[in-house]
Amino acid sequence: ISCSLVGSEMCIETEIELADPDNSLSPNEVMDFYSMTYPELTTASVHGPECEDDSVVYRFKTTIGTKG
């Protein structure tokens, strides 16, 4: 999971590796599954797949900011 949190003058990037809860789920379904624990995923989008080592990786990216 890769989340880019953007405030009015601050940018924080956090990456957390999450296990696949069920290999029959689509990336969007996995994101929905984890959104209960990570509410920022409710506004995220799926990016990928990318091949890294022997794995296929999807990233969930979101931008949180303020208007004004």
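# Reading a predicted fold, feature by feature

Modeller: Gly48 is found in strand S3. Strands (E, at least two residues) and helices (H or I, at least four) are DSSP runs, numbered from the N terminus. This is a predicted model, in which local features need pLDDT of at least 70, side-chain atom pairs count only at pLDDT 80 or more, and totals for chains, interfaces and linings use all residues. Residues are numbered from 1 along each chain as its sequence is written, and side-chain values use heavy atoms, with hydrogens and water left out.

Colleague: Which residues is Gly48 in contact with, leaving aside its neighbours within four places in sequence?

Modeller: Contact means heavy atoms within 4.5 Å. Beyond those neighbours, Gly48 touches Val57 and Tyr58. Gly48 and Tyr58 are ten residues apart in sequence, yet their C-alpha atoms lie 4.7 Å apart.

Colleague: Is Gly48 buried, partly exposed or exposed?

Modeller: Buried means under 20% relative accessible area, exposed over 50%, and partly exposed in between (1.4 Å probe, protein chains only). Gly48 has 46%, so this residue is partly exposed.

Colleague: What kind of peptide bond joins Gly48 and Pro49?

Modeller: Most peptide bonds are trans, and most residues other than glycine have a negative phi. The bond between Gly48 and Pro49 is cis, with omega about 10 degrees. Pro49 also belongs to strand S3. For phi, look at Asp53: its value is near 55 degrees, positive in a residue other than glycine. Asp53 lies in the loop between S3 and S4. With a relative accessible area of 81%, Asp53 is exposed.

Colleague: Which element has the lowest mean pLDDT?

Modeller: pLDDT is the predictor's confidence in each residue, from 0 to 100. Where it is low, the predicted coordinates should not be read in detail. Strand S1 (residues 2-6) has the lowest mean among the elements, 45, while H1 has the highest, 94. Over residues 1-10, pLDDT stays under 50. The model still has 36 contacts there beyond four places in sequence.

Colleague: Take the helix. Which residues of H1 are buried?

Modeller: An α-helix has 3.6 residues a turn, so residues three or four places apart point the same way. In H1 (residues 27-34), the buried ones are Val30, Met31 and Tyr34. They lie on the same side of H1, because they cover an arc of only 100 degrees around the axis. That arc is taken from the directions from the helix axis to the C-beta atoms. The cover over these buried residues includes strand S3 (45-52) and S4.

Colleague: How many aromatic pairs are there?

Modeller: A pair of aromatic rings is described by the distance of the centres and the angle of the planes. Rings of Phe, Tyr and Trp (its six-membered ring) pair if their centres lie within 6.5 Å; planes under 30 degrees apart count as stacked, over 60 as edge-to-face, and the rest as tilted. The count here is one. Phe33 and Tyr34 have ring centres 5.0 Å apart and planes at 90 degrees, so they form an edge-to-face pair. Phe33 is partly exposed at 46%, whereas Tyr34 is buried at 14%.

Colleague: What is Pro21 in contact with, leaving aside its neighbours within four places in sequence?

Modeller: Val30, Phe33 and Tyr34. Pro21 sits in the loop between strand S2 (11-15) and H1. Its C-alpha atom is 8.2 Å from that of Phe33, twelve residues away along the chain. Pro21 is partly exposed, at 34%.

Colleague: Now polar contacts. Which side chain does Arg59 join?

Modeller: A polar contact is a pair of N or O atoms within 3.5 Å; within protein, one must be able to donate a hydrogen and the other to accept it, and residues adjacent in sequence count only if both atoms are side-chain atoms. Arg59 joins Glu50 at 2.8 Å, side chain to side chain. Arg59 lies in strand S4 and is buried, at 13%. Then see Thr62, in the loop between strand S4 (55-61) and strand S5 (63-64). Its side chain makes a polar contact of 2.8 Å with that of Thr43. Thr62 is buried, at 3% relative accessibility.
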